[in-house]
Each structure stands twice: as structure tokens, then as C-alpha cells.
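Biologist: Please walk me through this model. Keep it brisk.

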Amino acid sequence: NMISNAKKAVIHIAKVQVGMSGDEYRDLLGSVGVESSKDLNNKTFGQVMKQFEKLGFQTTSRTGSKRKVNNLPNDKVRLMKKLEAIILDMNLSWEYVDAIARKRFDVDAAQWLDGEELFKLVQMMAVYQKRKRRA
């Protein structure tokens with residue numbers, strides 16, 4: 001079974017955080033036998049995350065509490081999926097959304113927002129999406 005969109009988002013964030021090029025990223029995925037994050041399962045996801053951690057990716061939030069991706073509350077997973085849908089629809093990047101999260105909520109990445117902040121971010125992005133559609 002394939003990994004969740006929330007886990008794909010974490011891989012994307014890790015890639016950005018460690019400053020990995022597209023080629024390096026493809027090599028990393030290739031090292032666990034896949035071509036795309038879509039093809040990862042829980043086992044290969046774990047292997048990829050171990051590599052990112054060796055490269056300095058921090059999976060801890062500012063409070064220092066370990067944040068396990070699979071333990072995200074369901075509403076937060078749903079909001080991350082909604083955010084991902086807006087990003088894909090509008091051809092934006094996670095970097096763009098993380099920059100907004102940084103500016104508005106002082107966190108490094110959207111995944112670190114609590115449920116309420118994440119909800120606000122999704123609302124903001126949805127409004128932006130509607131406005132763009134009308135334009």
C-alpha cells in the first residue's frame with residue numbers, strides 16, 4: 001500500500017530543508033527502488049526519511065516534541081490534503097505555502113501548524129484560489 005499525501009508532503013519538506021537537487025532526490029528514491037514518492041510504501045518511506053535525517057532534516061517542531069507523521073490527527077491530515085489539492089490546482093509549491101505559514105504563524109512549514117492555524121491557512125489559500133479563478 002502506498003503512503004499518504006501527508007507523508008509525501010513531509011518528504012517534499014525534507015527535500016527542501018536539506019537543499020537537495022532534483023537529481024539528488026531521484027537518486028535517493030532510486031536507492032530504495034522507486035522512481036517517485038507516489039511509489040513509496042511505509043517501509044521505503046522510513047528508509048528515505050532515515051537518509052534525510054542523516055542529511056540534517058529535523059523532524060522535531062520548535063517545542064522539541066517528536067512529531068510523528070502517522071500520528072497526525074485525522075482533521076489535520078484532511079486539511080493537509082485540502083492544502084495539497086489547492087497547491088496542485090493553482091500550480092503552486094509547498095515552498096510557497098510554507099513561506100506563508102512562516103510569515104503568518106512563525107513556523108517553518110505548514111505541517112507544524114496546529115489544527116486551528118492549519119484551518120486558517122487552508123481558508124486563506126481557498127480565498128486566494130477563488131480570487132484567481134475569477135481574475
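**Helix packing and a pocket**

Modeller: Helix α2 (residues 22–31) packs on α3 at an angle of about 135°, and their axes are 9 Å apart. Helices here are DSSP runs of H or I, at least four residues, numbered from the N terminus. Axes are lines fitted to C-alpha atoms over the stretch in contact, and angles run from 0 to 180 degrees between N-to-C directions.

Biologist: What's the basis?

Modeller: It's a predicted model: local features need pLDDT of at least 70, side-chain atom pairs count only at pLDDT 80 or more, and totals for chains, interfaces and linings use all residues. Residues are numbered from 1 along each chain as its sequence is written, and side-chain values use heavy atoms, without hydrogens or water.

Biologist: Which residues make the contact?

Modeller: From α2, Y25, L28 and L29; from α3, V48, Q51 and F52. Contact means heavy atoms within 4.5 Å. By class, the contact of α2 with α3 has five nonpolar residues, one polar and no charged. Nonpolar is Ala, Val, Leu, Ile, Met, Phe, Trp, Tyr, Cys and Pro; charged is Asp, Glu, Lys and Arg; the others, Gly among them, are polar.

Biologist: And how do α1 and α3 pack?

Modeller: α1 and helix α3 (residues 42–54) pack at about 20°, axes 11 Å apart. That angle makes α1 roughly parallel to α3. α1 gives K7, V10, I11, A14 and K15 to the contact; α3 gives N42, F45, V48, M49 and F52.

Biologist: What classes are in the contact of α1 with α3?

Modeller: Seven nonpolar, one polar and two charged.

Biologist: Where do the axes of α1 and α5 come?

Modeller: Within 10 Å of each other, crossing at roughly 80°; helix α5 is residues 94–105. The two are therefore roughly perpendicular. A9, H12, I13 and V16 of α1 meet W94, E95 and D98 of α5. The contact of α1 with α5 has four nonpolar, one polar and two charged residues.

Biologist: Switching topic. Which residues line the second largest pocket?

Modeller: K8, A9, I11, H12, K15, Y25, S37, E84 and W94. A pocket is an open set of 1 Å grid points where a 1.4 Å probe fits, with protein on both sides within 12 Å along at least five of seven lines; lining residues have an atom within 4 Å of a point.

Biologist: Which helix gives the largest share of the lining?

Modeller: Helix α1 (residues 5–17), with five residues. The lining divides into four nonpolar, two polar and three charged.

Conventions
Parallel < 35°, antiparallel > 145°, perpendicular 65-115°, else oblique.
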